[in-house]
Amino acid sequence: MAAFGLSKESNRLRDAVSRFLLYGIAVLILASVAAVTIGWGLSSSDWESYTQAEELAFTYEEDSTADLSPAEAFARLRKSPVSTRTFATNRSEHAFWLLLEAPERSAPYSIVLPSRHLRSAECWWRSRDAVDGQTSSIRPLDSIRPSRGGFVLEIVEADPGWVLCKTRHVGPARATVLAADPVGVKIAEQRFERSGGLLFGSLLMLAAFSAVVAAVSKDSTFFFFSIWIILNLRIAAVSAGWDFSWLGLSPELEITFRQTSLGGYSLISGLLFGSLFKQEIVKLHLTPLFRGGVAFAAAILVASFILPYKTFLPIMWGSAAIAAIILGILLTRICASSLSSIAIWYGLGWGFSILGIAGEIIRAVTNQTLDIPGLNQSTGAVISALLTGVALAQKLNDERQQRVSAQNSAVYALQRFRENYNAMPVGLFSMKDDGTILEYNPAFGVMFGLPPPSQYREPRRWAEVANEYAFESLIRQADESRITDTEIAISSREGGRRWLHMRALRKQGRIETWIEDVTARKEAEGRLQFLADHDSLTGLLNRRGFNAYLERAIAASRDRSICFAYVDLDRFKLVNDLFGHVAGDQILRQMSTRTRAVVRPPHVAARVGGDEFVVIINDMDLDAARMLCEELRRALSEQPYQHQDKAFSVAASIGVIRLDPAMSPRDALTASDRACSEAKKAGGSTVVAFDSRSSELTAYLDEIKLVANMRERLPVENFFTQLQPIVSLRTPYSSLSYEVLVRMRDGAGAVVPPARFISAAERNGLMSQIDRWVLRSTLEWLDEHPDHRERLGFCTINLSGASLNDEKFLQDTISLIREHRDATQRVCFEITESVALYDLNTTRRFVDRVKSFGARVALDDFGAGYTSFSYLKELPGDFVKIDGSFIRDVNLNPANHAITRAIVDLSHEIGMACVAEWAENAEIVRTLRDLNVDYAQGFGLCRPVDRERLLHADHGVALVQDPQVIEVLGQQAPAAHRRSSIAGRRSILAV
């Protein structure tokens with residue numbers, strides 16, 4: 001709240017300064033108005049008003065060659081019959097010769113050459129009695145001097161004669177010659193100097209005051225205005241003819257200064273306008289137009305340093321017209337959007353300035369004047385400066401009113417804040433860095449037993465009100481850049497625990513704090529957390545609450561021995577089925593009571609399923625853990641459970657393992673479940689412990705590592721494929737087919753047995769990824785070797801049950817075969833009976849889709865299932881792969897021989913080809929040929945080989961190495977095929 005007081009005092013000081021500046025500008029404006037009145041009268045008067053002057057007629061000639069002597073000029077002008085009272089130089093900078101007949105006066109008089117564009121003048125006297133041709137007849141007059149924007153020549157000659165003058169002008173000059181009374185000239189010069197001093201002194205004072213305002217208020221608008229007034233003063237001086245007399249510069253330097261003043265005036269006018277109407281320009285999207293005008297003014301300023309005055313002046317006139325147009329557009333848009341008094345005063349000021357400039361330009365171009373009494377470029381510049389000052393005063397007044405309004409709003413907001421501060425239901429307090437409480441609201445006082453804020457006299461420290469930990473926590477969390485949150489617990493006055501939620505912000509050496517008592521919420525959260533982490537029936541931890549304990553136990557098993565037990569009730573389902581779930585729930589409650597009696601801290605028990613419990617056994621080796629589990633088994637199994645008038649005997653089987661740091665919670669549950677399954681297999685009501693030497697646990701841990709390796713580098717680095725030829729028994733020398741087999745290497749590069757890694761992958765949900773990789777790599781390899789692809793009859797690819805029943809895998813398969821249509825023509829998908837019949841509709845849909853792209857389907861392991869013939873009827877396959885268990889003993893077991901013959905006949909009857917697996921020797925191959933089996937596959941024909949070896953094979957026989965098998969197959973082919981087969985086989989073996 002002290003900060004608000006300081007802000008209020010600062011606003012009052014700023015408002016006082018603003019009023020002082022406003023009144024000061026008003027006083028200066030009034031003084032300047034008086035000066036303008038004088039200047040107006042001065043500018044509206046002429047020499048005749050004070051000197052009784054009269055215009056004299058004269059003849060003139062431009063000296064473009066600059067080589068005439070006074071005598072030559074006099075002679076030429078005497079011959080000129082043309083006489084005039086004025087002429088325009090048309091911005092010529094050559095010398096002009098003027099010849100006039102001196103008027104007959106009885107007393108001395110003055111000849112005046114009034115022109116603010118007159119740079120220099122020299123005069124000579126020639127008496128009427130002088131003899132032509134004599135050099136001494138023309139003598140120079142030394143009494144000529146600058147005066148009031150022109151030159152004055154004092155004539156004291158008594159005899160009649162002629163006056164010859166040589167003048168040089170700059171800009172749009174108009175030459176006239178006046179004869180005046182010398183005393184009146186002196187009086188006019190004095191009045192001119194005094195009035196000019198008053199006029200320009202007032203403007204300089206206004207410029208100086210504006211500079212002071214700019215320094216005090218740090219407002220660039222007043223800084224630009226002060227510079228603008230000085231440049232405006234220069235324009236008024238140029239118009240009134242004060243340049244020579246005031247500045248005391250040489251004519252050449254004065255012209256340069258005049259030229260740069262005009263260029264600077266255009267630029268500073270644009271900057272002043274932009275500072276004065278900054279918000280309006282942005283709001284009305286006039287920024288591009290304004291920037292274009294400022295850039296144009298900057299170019300004019302640059303040109304003023306480069307171009308001669310004669311060339312620069314018409315460019316300046318044109319730029320003035322363009323600036324007037326741009327200014328008119330901007331002011332019109334601003335006034336149309338909001339009728340601002342600032343814009344009105346500023347527009348009036350520029351109106352007078354533009355009228356003065358327009359009058360100057362018209363007089364210079366056409367020798368005509370705007371008939372507006374007293375208004376010229378000088379008075380227009382002065383009036384423009386005063387009206388612009390009024391606009392700035394209005395701007396200052398508007399800003400003051402806005403500040404007053406903002407202060408009133410701030411006071412109102414402060415009052416509202418104080419009311420809200422006192423009415424807040426949460427505690428609010430401020431303290432120093434040392435913990436001293438500076439102020440607080442009533443809610444904070446009630447919360448901590450402090451007196452009402454209005455009676456707070458003796459400072460207290462936050463550490464005394466709460467405790468030292470609360471003070472340190474607040475100091476530590478307070479930050480200057482953001483509001484921070486924390487929750488801490490302190491002791492309540494009743495002796496319990498009290499939770500506080502604090503938000504803090506460090507600001508200007510204070511810590512502002514918002515504090516709320518959240519004890520009720522924390523207690524409710526604790527109750528909800530207990531309900532979320534504990535089983536509502538038994539009160540033990542549930543799976544969600546137990547997982548956190550298990551993760552910490554696995555991490556801690558690196559340093560100490562921790563065991564994990566899985567408890568399953570035998571025949572508990574029978575109790576639920578016979579006596580209902582009420583009886584089952586009662587047994588579970590009694591079981592949890594018995595478990596708590598045995599499993600005490602630091603051990604942890606939980607219920608993770610219907611009748612499944614787990615126990616973490618801390619700081620015990622496996623033998624001690626097994627003894628504890630045996631005690632638990634006896635407690636759960638040897639005494640019956642009571643429900644109403646019935647007694648139930650329920651036994652428990654327990655599997656216990658020692659946790660390993662490499663395990664995940666899921667791995668620990670699965671391993672202990674396996675140990676529990678072994679206990680059930682042993683007859684139930686038994687404890688089975690797996691130590692590190694147990695083959696079951698070793699196998700499982702190896703599987704864990706294997707699966708982790710598969711997950712880490714699946715599938716590119718670990719997996720590769722081999723091909724096992726499928727040899728045609730009808731046309732062995734004209735057919736090349738094979739089955740694609742997936743293989744895996746472990747981290748050391750050794751090949752893992754397929755049964756081991758495939759079963760692990762199936763149990764851990766990785767087969768779909770493996771099948772997807774096998775399909776993709778096979779299709780890509782076939783497309784990379786088109787010659788081999790064209791020789792290929794078909795290649796079979798096994799699909800697992802997880803893949804065939806995975807909708808995403810089916811979509812990916814269709815996408816792949818669309819990308820590899822040519823290779824798909826050679827692919828045959830193998831589907832087993834157990835997989836196909838799991839979801840027959842999905843399987844049939846898959847078969848129809850892949851066959852529509854030209855792929856084929858083989859029914860694998862046919863005959864091994866219970867519904868093989870129904871399976872054959874339901875799915876329209878292309879091949880039947882007879883299960884190897886029939887083929888291996890086909891020559892030893894008549895039943896297998898008969899079953900094989902029946903399968904072959906049935907398959908041929910419905911239009912499907914047969915493939916016999918496990919053809920181990922030549923006798924089996926011969927029998928299969930005699931049974932009209934179409935294809936054979938097995939180690940007797942060829943073991944799986946790397947796929948690069950098949951790139952050089954033309955048919956399956958080229959890979960067979962058993963001479964007896966070759967002889968059996970050779971009986972189906974001509975001699976030429978047999979000889980070529982031998983040569984081809986040798987080349988392949990060499991490869």
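## Helix pair and sheet

In this predicted model, helix α34 (residues 922–930) and helix α35 (residues 963–970) have axes that come within 8 Å and cross at roughly 15°. Angles under 35 degrees count as roughly parallel, and α34 and α35 are therefore roughly parallel to each other. The crossing in which α34 passes α35 is right-handed. On the α34 side, Ala922, Val925, Arg926 and Arg929 take part, and they meet Gln964, Val965, Val968 and Leu969 of α35. Sorted by class, the contact of α34 with α35 has five nonpolar residues, one polar residue and two charged residues.

A separate topic is the sheet. Five strands form an open sheet in the order β19-β20-β18-β23-β24, and the pairing is mixed. Its edge strands, β19 (604–607) and β24 (687–690), each pair on one side only. From one strand to the next, the twist averages 15°.

Arginine 607 has phenylalanine 613 in β20 as its bridge partner.

| Helix | Strands it lies across | Angle |
|---|---|---|
| α17 (residues 543–556) | β18 (562–570), β19 and β20 | about 30° to β20 |
| α21 (residues 665–681) | β18, β20, β23 (651–658) and β24 | about 135° to β23 |

Strand β18 is among those that α17 lies across, and α21 also lies across β18.

Technical notes
Residues are numbered from 1 along each chain as its sequence is written. This is a predicted model: local features need pLDDT of at least 70, side-chain atom pairs count only at pLDDT 80 or more; totals for chains, interfaces and linings use all residues. Side-chain values use heavy atoms; hydrogens and water are left out. Axes are lines fitted to C-alpha atoms, for helices over the stretch in contact, and angles run from 0 to 180 degrees between N-to-C directions. Helices (H or I, at least four residues) and strands (E, at least two) are DSSP runs, numbered from the N terminus. Angles under 35 degrees count as roughly parallel, over 145 as roughly antiparallel, 65 to 115 as roughly perpendicular and the rest as oblique. A crossing is left-handed if the near helix is turned anticlockwise from the far one by less than a right angle, and right-handed if clockwise. Contact means heavy atoms within 4.5 Å. Ala, Val, Leu, Ile, Met, Phe, Trp, Tyr, Cys and Pro count as nonpolar, Asp, Glu, Lys and Arg as charged, and the others, Gly among them, as polar. Two strands pair if DSSP finds at least two bridges between them.
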